[in-house]
Amino acid sequence: GQGEEFGVVAVALILLMGLGLGAVNGLSIVLTRVPDIVVTLSFFFIWEGAALMVLDAPGGSASVWLRELIIGPVGGFLVPAQISDWLPKALLLLIVSLGAVWIPLKRSRLGLSIYAVGSDRLAAFRSGVAVDRTRIAAYALTGLFAAMGGLVLTMNTGIGTPIQGPYLLASVAAVVLGGVSLAGGKGGLVGPIVGVFILRLARQDLTLMSIDPNVAQVTEGLIMVAVVLVGALVAIRSRRS
């Protein structure tokens with residue numbers, strides 16, 4: 001129906017907007033030469049303020065067909081009932097989305113360039129990599145991924161919220177826990193996914209134990225600090241050897 005068509009257009013616009021905003025972030029970093037974290041945090045506050053101007057409180061709703069993509073077990077004639085009853089739609093959507101994004105990126109020249117620039121920007125430049133364009137493309141992709149994450153959150157909750165919530169620290173903790181180096185040039189796909197599952201299970205276990213929910217955030221922070229410290233020690237020993 002027209003509602004579903006409008007929903008598809010809205011999803012496409014959100015993804016394109018995320019891609020564009022990420023590219024603006026990367027372009028600003030390249031042109032101003034200001035440290036990445038400073039520009040990224042500045043745009044974070046700008047976009048959050050813009051979101052509050054559009055919707056100053058949680059509200060709205062997600063289309064039914066959009067929510068059905070993530071809620072409940074997988075159904076259909078192609079999947080046996082013994083499997084579909086234990087296979088969540090969210091897990092299937094995760095696998096499809098990651099495969100559609102990661103496989104082409106991993107096997108492309110852009111993916112190799114991103115690893116090279118993250119590992120050693122000067123060495124990448126000397127190897128013929130277009131460093132500035134690669135950085136802009138990398139930030140554009142991160143904007144696309146952020147838009148995908150926001151869509152999934154809306155699909156899961158059924159509403160939109162202009163507040164970023166506790167996901168900023170959790171996302172960094174999951175990435176670090178998954179073995180991705182904050183210095184760049186090292187990391188993969190499976191590790192951060194495992195890190196997400198570990199952090200979510202830790203939060204759920206603390207909730208089931210009737211422990212203060214704020215303790216979960218403290219635990220995530222301690223885990224991130226511990227992992228970063230261990231990674232730094234390993235890096236120092238490897239350089240000395």
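**Entry 1: S113**

I began with S113 and found it in helix 6, residues 109-119, where helices are DSSP runs of H or I with at least four residues, numbered from the N terminus. I noted that this is a predicted model, in which local features need pLDDT of at least 70 and side-chain atom pairs count only at pLDDT 80 or more, while totals for chains, interfaces and linings use all residues. Residues are numbered from 1 along each chain as its sequence is written, and side-chain values use heavy atoms, with hydrogens and water left out.

Is S113 buried or exposed? I looked up its relative accessible area, which is 10%, so S113 is buried (under 20% relative accessible area, with a 1.4 Å probe and protein chains only). Leaving aside residues up to four places away in sequence, I saw that S113 touches V129 and T134, contact meaning heavy atoms within 4.5 Å. I also recorded that the side chain of S113 reaches the backbone oxygen of R109 at 2.8 Å.

**Entry 2: the nonpolar core**

I then looked up the largest nonpolar core and found 5 residues in it, V11, L66, I70, L151 and M155; such a core is a set of buried Ala, Val, Leu, Ile, Met, Phe, Trp, Tyr and Cys residues joined through side-chain atoms within 4.5 Å. For M155, again without residues up to four places away in sequence, the contacts include L66, I70 and L93.

**Entry 3: helix 9**

In helix 9, residues 167-177, I found A170, A173, A174 and V176 buried. Seen down the axis of helix 9, its buried residues fall within an arc of 165 degrees, so they line one face of the helix; the arc is that of the directions from the helix axis to the C-beta atoms. After helix 9 comes G179, with a positive phi near 95 degrees.

Technical notes: Helix = DSSP H or I, 4+ residues; strand = E, 2+ residues; numbered from the N terminus. Buried < 20%, exposed > 50% of the residue type's maximum accessible area, 1.4 Å probe, protein only. Polar contact = N/O pair within 3.5 Å; in protein donor to acceptor, adjacent residues only side chain to side chain.
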